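I opened this structure for the notebook today, with a reader new to it in mind. Here is what I looked up, entry by entry.

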Amino acid sequence: MLVSEIPALREFWYPVVYSAELTDKPHQAVLFGEEYVVWRTGDGSVHAAFDLCPHRGARLSQGWLAGDRLVCGYHGWQYDASGRCVCIPQNDPSTPRRVI
C-alpha cells in the first residue's frame, strides 16, 4: 500500500521545500505523488496549491510572481494567495464577470 493511499496520513503537515529556496519565483513540490506549487508572498507567508492552471492545464510552477499574485506562464491568468483566479488579462475589465 502506498503512503498516499492511507487517508489519515494526508491530514498532517509535511515539509516539501526549504524556506531558503522560496525566493521570488514559484517552486514545484511533489508530495504523495501529487504536484504542488509553493510560493512566498510579499509579507513572507508561504502558500501552496495544486500545480495546475485549470484553464489549459499548464504548470503554475513554470509561471512567475507579480506582487502577491501567482501568474500562469501560459496565458497569464493570475491567482491570489488563496488560489482564487483574480485576473484574466484577455477579458475586458468593463465586462461584468460571470460568477459560477
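**Entry 1**

I started at Leu60, which lies in the loop between S3 and S4. Strands here (E, at least two residues) and helices (H or I, at least four) are DSSP runs, numbered from the N terminus. A note on the source: this is a predicted model, in which local features need pLDDT of at least 70 and side-chain atom pairs count only at pLDDT 80 or more, while totals for chains, interfaces and linings use all residues. Residues are numbered from 1 along each chain as its sequence is written, and side-chain values use heavy atoms, with hydrogens and water left out.

Is Leu60 buried or exposed? I found it buried, with a relative accessible area of 4%. Buried means under 20% relative accessible area, exposed over 50%, and partly exposed in between (1.4 Å probe, protein chains only).

I then listed what Leu60 is in contact with, leaving aside its neighbours within four places in sequence: Pro26, Val37, Phe50, Asp51, Leu52, Cys53, Leu70, Val71, Cys72 and Tyr79. Contact means heavy atoms within 4.5 Å.

**Entry 1: the whole chain**

Next I stepped back to the protein chain, which has zero helices and seven strands. Along the sequence I read the pattern β-β-β-β-β-β-β. Of its 100 residues, 24% count as buried. Among contacts with a separation of 6 or more, 22% come from residues 24 or more positions apart. The accessible surface comes to about 7200 Å², and 57% of that belongs to carbon and sulfur atoms. Accessible areas come from the Shrake-Rupley method with a 1.4 Å probe; for residues, only the protein chains shown count as cover.

I followed the pairing from S1 onwards. Two strands pair if DSSP finds at least two bridges between them.

S1 and S2 pair in the antiparallel sense over five bridges, and His27 stands opposite Val38 in S2. The two strands form a hairpin with two residues between them, and Phe32 in the turn has a positive phi of about 55 degrees.

How many bridges join S2 and S3? I counted five, again in the antiparallel sense. Val37 has Ala49 in S3 as its bridge partner, and Trp39 has His47. The hairpin of S2 and S3 has five residues between the strands, and there Gly44 takes a positive phi near 95 degrees.

**Entry 2: the sheet of S4 to S7**

Here I found four strands in an open sheet, in the order S4-S5-S6-S7, with antiparallel pairing. At the edges are strand S4 (64-66) and strand S7 (85-87), each pairing on one side only. Strand S6 (residues 78-79) pairs with S7 over two bridges, and Gln78 has Cys87 in S7 as its bridge partner.

**Entry 3: cysteines**

Cys87 is partly exposed, with a relative accessible area of 23%. For Cys53, the closest cysteine sulfur is in Cys72, at 3.8 Å, which is also too far for a bond. Cys53 counts as buried, at 2% relative accessibility.

**Entry 4: a salt bridge**

How many salt bridges are there? I found one, taking a salt bridge as a side-chain nitrogen of Lys or Arg within 4 Å of a carboxyl oxygen of Asp or Glu. It joins Glu35 and Arg59, with the closest N and O atoms 2.3 Å apart. Glu35 lies in strand S2 (residues 34-40) and Arg59 in the loop between strand S3 (46-50) and S4, so the pair ties together parts that are 24 residues apart in sequence. Both ends are partly exposed: Glu35 has a relative accessible area of 33%, and Arg59 is at 32%.

Note on methods:
A disulfide is a pair of cysteine sulfur atoms within 2.5 Å.
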